[in-house]
Amino acid sequence: MCEMCNTAATRINHATPDPDAPNPAGLPTAYEHGNRLTPEGTHVDPIVVEIVEGTLASVEMEVETAIARTSRSPMIRDAHDFRAGIHDRQLRKLTGRSYSALVHPIARDFPLEEMAEGDVFFHNDVYESEGGIGHLPDLCVTVPVFDKGEVVAFVQAFGHHDDIGGAVPGSMPSGATTVFEEGLSVPPIKLWDKGVPNKAALRIMTRNSRMPDSLAADLDAECSACLMGARRLSELFQRYGRETVEAAFDAILDKTTETYRREILSKIPTGTYVWEDYAEHDGVDEPKLHTQRITLIMEETGGPGNGPRLIIDFTGTAPQAKGPINHCGDYVGGNFLKKWLAPILRNLADTPERMAELDVNEGIVPLIEMRFPEKGTLLTPIHPGPTNARTFVILRLLGVLAGVVAKAVDGQMPADQETIRYTGVYGHDRDGKDYLMREVLGGGSGGRYYADGEDTIHVVPDSRNLPTEFTEGRFPFIVERLGLAVDSGGAGRYRGGLGYEKHIRMLKDAHFMSIADRSILACWGVKGGKAGAPFQVTIDPGGPEEREIDALADAEPIRAGQVVRIRTTGGGGWGDPLERPYPEVERDLRWGKVSFEGARTAYGVVASGTKDEPVIDREASDALREDLRAGRGQDSPFFDRGPGYATLAPDGAAASEFDYV
């Protein structure tokens with residue numbers, strides 16, 4: 001490739017901005033992004049491409065390992081609620097292990113030609129993040145990678161931190177009505193300048209946090225890990241040369257584009273499909289249906305090379321909520337949401353093994369067009385709308401996309417899951433010092449057309465619940481139980497995965513907090529499968545002060561000696577539960593995943609004996625199943641939303657008009 005072509009492809013234009021034509025964030029700096037680094041048809045040795053791709057994955061994992069080993073807060077170090085990502089100088093995400101934030105706000109505000117080695121950029125401002133940051137506790141650091149004095153890539157890490165100020169410990173006030181109540185909001189800044197930390201900025205951030213020591217340690221870990229990752233990537237450029245490495249970057253993304261076009265989009269019939277789902281509450285108004293609607297349009301042409309194109313239209317999504325469930329999704333053409341939602345499409349792969357091989361990187365972006373409603377909706381909020389519980393929206397969108405695709409492919413998609421919610425306690429520890437224990441507990445995934453759902457998974461890859469030994473040694477409570485929530489998985493030919501059941505006994509008076517959804521609207525089942533069990537928190541279960549608390553709570557008092565029982569959501573079921581073979585129900589009974597009563601009511605199975613030795617009465621079960629089939633209606637919906645939907649639906653209906661095919 002000629003040097004002139006290489007040079008022309010390497011420049012991002014930071015032209016003098018037109019003040020009358022601001023970028024999507026309304027800020028003054030113009031920037032370009034998303035372009036190829038090399039001309040179409042540039043050849044690179046496929047073995048080199050494999051080496052470069054493996055190196056990127058290795059560097060990303062090394063960065064994450066370094067953060068996990070050197071950070072301090074339970075949320076980062078133990079729960080692993082953070083992500084690393086590698087991006088090229090056209091701001092395209094190269095790695096595919098999981099989602100990550102965006103480099104766009106950094107390139108927007110800081111011209112690449114003015115960056116220097118040792119620089120570290122920082123931001124957490126939701127409205128100036130171009131859609132890459134969803135709520136203020138997600139802090140993001142970005143480090144440019146250099147080759148021969150020029151920026152050639154970026155290493156980035158972002159994660160959920162314990163506290164960044166705001167109205168309540170943990171910086172997620174459930175009743176917030178503006179972003180100003182949610183904590184310290186920092187637009188893109190240079191946190192390290194040529195290797196020298198900006199101590200004034202760090203002091204401002206730690207001063208605003210209730211957990212200043214862990215915040216400072218986490219930021220130091222993230223900055224240092226990303227700087228290390230930048231050095232590793234520089235070595236890659238030194239080894240193969242910029243022209244070859246950038247050609248490999250293009251080849252990696254081209255491969256993803258072609259793979260999804262050939263293996264995934266080809267499975268969706270041409271046409272238009274509509275479905276919607278709902279968040280159930282926003283922390284301010286009374287519970288109601290906050291609609292998230294997707295119109296999915298599959299076109300044969302319009303994509304790269306005039307191939308297929310998938311259009312995701314969010315028209316019909318509900319107005320911006322008063323409370324903090326809004327998500328800024330409409331920036332940079334929905335770039336973040338495309339990569340957030342695309343893993344759902346992998347379920348269309350020929351086999352589960354093939355699905356596991358498919359990465360989601362910037363290569364999927366050209367295949368998808370997103371159409372957003374006007375400003376002022378759940379996905380297009382107007383500043384200063386609150387966003388700390390935006391998980392209710394972005395997690396629901398995963399399910400909405402799965403549901404609308406299921407309508408297109410006769411149910412060959414998994415049922416619903418809700419595999420993240422924030423719970424925690426705070427108060428004074430044994431020494432009288434303030435503490436905060438916040439945990440991100442998972443739940444069950446949906447049943448699939450070929451297998452049961454998985455138990456207690458987490459939507460954030462590699463994340464985990466906090467170890468009991470750690471929490472009991474650090475906080476004034478005892479974990480009396482951590483196990484599976486029996487009968488929580490939605491019944492089906494393939495059962496939904498089970499959620500957690502966790503019992504925490506407090507040793508000192510404290511307060512409980514929860515940011516959770518799916519406490520009324522359960523995870524839906526599909527094609528005859530039933531909805532899973534909803535989220536539930538009970539204080540003092542079986543005691544004189546037993547009470548169920550709201551899923552959105554900031555400061556629920558708990559007295560010393562009382563137990564908090566947390567039950568997380570079960571995944572929806574797939575297919576008719578009366579078609580589930582008796583040996584599989586017997587196995588569920590033996591494993592304690594389904595109770596004897598649950599076997600009877602949900603699966604039509606009559607069993608006796610003990611948990612260790614269940615005995616199924618096949619004759620009685622056959623008769624019961626026939627009775628249950630005879631009692632069904634003729635026109636059942638394709639989706640089962642569970643009994644909670646009727647309590648919120650304006651007409652009291654058990655299903656929406658979109659639930660039928």
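Does Asn306 count as buried or exposed? In this predicted model, Asn306 counts as exposed, because its relative accessibility is 53% and the cut-off for exposed is over 50%.

Asn306 lies in the loop between β8 (290-299) and β9 (309-313). Its phi is positive, about 60 degrees, although Asn306 is not a glycine. Most residues other than glycine have a negative phi.

Asp410 also has a positive phi, of about 55 degrees, and is not a glycine. Asp410 sits in the loop between α10 and β11 (421-428). With 46% relative accessibility, Asp410 counts as partly exposed.

## A cis peptide bond

The peptide bond from His383 to Pro384 is cis, and its omega is near 10 degrees. Pro384 belongs to the loop between β10 (368-371) and α10 (391-408). Most peptide bonds are trans.

## Helices α6 and α7

Helix α6 (residues 212-240) and helix α7 (residues 242-263) have axes that come within 6 Å and cross at roughly 115 degrees. The two helices are therefore roughly perpendicular. On the α6 side, Leu236, Phe237 and Tyr240 take part; they meet Arg242, Thr244, Val245, Glu246 and Phe249 of α7. By class, five residues of this contact are nonpolar, one is polar and two are charged.

## Helices α12 and α14

Helix α12 (residues 582-591) packs with helix α14 (residues 618-630) at an angle of about 105 degrees, and their axes are 12 Å apart. This pair is therefore roughly perpendicular. Tyr582, Pro583 and Val585 of α12 make the contact with Arg618, Ser621, Asp622 and Arg625 of α14. The contact of α12 with α14 has three nonpolar, one polar and three charged residues.

Terms used
Residues are numbered from 1 along each chain as its sequence is written. This is a predicted model: local features need pLDDT of at least 70, side-chain atom pairs count only at pLDDT 80 or more; totals for chains, interfaces and linings use all residues. Side-chain values use heavy atoms; hydrogens and water are left out. Axes are lines fitted to C-alpha atoms, for helices over the stretch in contact, and angles run from 0 to 180 degrees between N-to-C directions. Helices (H or I, at least four residues) and strands (E, at least two) are DSSP runs, numbered from the N terminus. Angles under 35 degrees count as roughly parallel, over 145 as roughly antiparallel, 65 to 115 as roughly perpendicular and the rest as oblique. Contact means heavy atoms within 4.5 Å. Ala, Val, Leu, Ile, Met, Phe, Trp, Tyr, Cys and Pro count as nonpolar, Asp, Glu, Lys and Arg as charged, and the others, Gly among them, as polar. Buried means under 20% relative accessible area, exposed over 50%, partly exposed in between (1.4 Å probe, protein chains only).
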